Amino acid sequence: MKNILLIGGSYGIGLAIAKELVNANTIYIASRTAEGLENLNVTHIPFNASTDSLDTSLLPSVIDGLVYCPGSINLRPFKGLKIETFESDMQINFFSMVKVIQSIIPQLSASNQSSIVLFSSVAASMGMPFHTSVSAAKGAIEGFAKALAAEYAPKIRVNVVAPSLTDTPLASKFLNSDEKKEKSASRNPMKKVGTSEDIAQMAGFLLSDKSNWISGQVFHVDGGMSTLLVNG
C-alpha cells in the first residue's frame, strides 16, 4: 500500500480523493478540521496551510504521493482588487504549497517513485475577466510544477490538474441556486458543471503506477472549456 498525504482533505475535492484512494492506500490528511472524516480509515493531522508548519514527525518516513488541495476563488474587477488580495491568493495557493513540499522532500525522495498532484484552474490558460488574482496564483503553480518535475525526475513525478468551475464548497457562492448551476453548465462544452469525483478520478490516476511515465503535465479536466468552442 502507498502512503498518500492530502493537504486539505476534509471536504470538496480533497475528501473525494480520500474516498477514491482509501481502500487501496494508507491516507494521511492534514487539514483544519476532521469533520467529514469520521467514517474513513484515515489519519488526521490538524493543520492550517495558511499559518502552520507541517509537523513531519507525524508522517511516515516514506511518502509515495502528495496532493495539495487548498485554494481560493476571488473573482472581482482588477480595478477593485487591492494588492493584499493578490498576496493572499499567492499565499494559500502557492507559497504555502511550496513550504509543504520543501518540508517533505526527504520522505518523497525515499519512495521508489513518488507523485505530486497540484491544482490549477482553466483560468490560468484562458483569458477570463475578473480572474487576474487567481489566474496569477494558478499560473505560478503550473510553471513551478514543470520546473520541479524537471529537477526531480525520475524520482518524483509532478503533475497539475486544471479544472473549470466545479461543484465544491469553495465554489458554492457561484453555484448556490439551480439558475446559477444551469447558467454555468450552459457555458461548458459538455453542458455540465464538474463534480469533485470527476477531479478525484484524475488525481487518483496520477498518484497510481498507471501514470508512471507521466510528469510535468497540466491536465485540463474542464469539460473541454479550455480547448473547445461549441455553439449553443
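## Terms and basis of the model

A residue is called buried when its relative accessible area is under 20%, exposed when that area is over 50%, and partly exposed in between, with a 1.4 Å probe and protein chains only. By this scale Lys191, at 40% relative accessibility, counts as partly exposed.

The structure is a predicted model, in which local features need pLDDT of at least 70 and side-chain atom pairs count only at pLDDT 80 or more, while totals for chains, interfaces and linings use all residues. Residues are numbered from 1 along each chain as its sequence is written, and side-chain values use heavy atoms, with hydrogens and water left out.

Helices (H or I, at least four residues) and strands (E, at least two) are DSSP runs numbered from the N terminus.

## The sheet

Seven strands make up an open sheet with parallel pairing, and their order is S3-S2-S1-S4-S5-S6-S9; two strands are taken to pair if DSSP finds at least two bridges between them. Strand S3 (43-46) and strand S9 (218-219) stand at the edges with a single partner strand each, so one side of each has no neighbour in the sheet. Within the sheet, S4 and S5 pair in the parallel sense over three bridges, and Val67 has Val117 in S5 as its bridge partner.

S5 is also joined to S6, by six bridges and again in parallel, with Ser114 standing opposite Ile156 in S6. In a regular strand the side chains alternate between the two faces of the sheet. In S6, Ile156, Val158 and Val160 point one way, Arg157, Asn159 and Val161 point the other way, and all are buried. S6 is accordingly described as mostly covered, with six of its six residues buried.

Helix H1 (residues 12-21) lies across S1, S2, S4 and S5 and runs at about 165° to S1, where axes are lines fitted to C-alpha atoms, for helices over the stretch in contact, and angles run from 0 to 180 degrees between N-to-C directions. H1 is mostly covered, since eight of its 10 residues are buried, namely Gly12, Ile13, Gly14, Leu15, Ala16, Ile17, Ala18 and Leu21. These buried residues pack against strand S1 (2-7), strand S2 (25-31), strand S4 (65-68), S5 and H5, contact being defined as heavy atoms within 4.5 Å.

H1 packs with helix H5 (residues 196-207) at an angle of about 55°, the axes being 8 Å apart. The two helices are therefore oblique to each other, a term for what remains once angles under 35 degrees are counted as roughly parallel, over 145 as roughly antiparallel and 65 to 115 as roughly perpendicular. Their crossing is right-handed, meaning that the near helix is turned clockwise from the far one by less than a right angle. On the H1 side the contact includes Ile13 and Ile17, and on the H5 side it includes Ile199 and Leu207. By class, this contact has eight nonpolar, four polar and two charged residues; Ala, Val, Leu, Ile, Met, Phe, Trp, Tyr, Cys and Pro count as nonpolar, Asp, Glu, Lys and Arg as charged, and the others, Gly among them, as polar.

## Helices H2 and H3

Helix H2 (residues 83-109) lies across S1, S4, S5 and S6, running at about 170° to S4. H2 also packs with helix H3 (residues 132-152) at an angle of about 20°, with 8 Å between their axes, and the two are therefore roughly parallel to each other. H2 passes H3 in a right-handed crossing. Among the contact residues are Phe86, Met90, Phe94 and Met97 of H2 and Val134, Ile141, Phe144 and Leu148 of H3. The residues of this contact divide into 15 nonpolar, five polar and two charged.

Thr85, which has its place in H2, counts as buried at 11% relative accessibility. Leaving aside residues up to four places away in sequence, Thr85 touches Asn74, Arg76 and Ser133.

## Backbone features in the loops

Ala153 and Pro154 are joined by a cis peptide bond, with omega about 0°, and Pro154 lies in the loop between H3 and strand S6 (156-161).

Two residues other than glycine have a positive phi: for Phe130 the value is near 70°, and for Lys191 it is about 55°. Phe130 lies in the loop between strand S5 (114-119) and H3 and is partly exposed, with a relative accessible area of 47%. Lys191 is found in the loop between helix H4 (178-186) and strand S8 (194-195).
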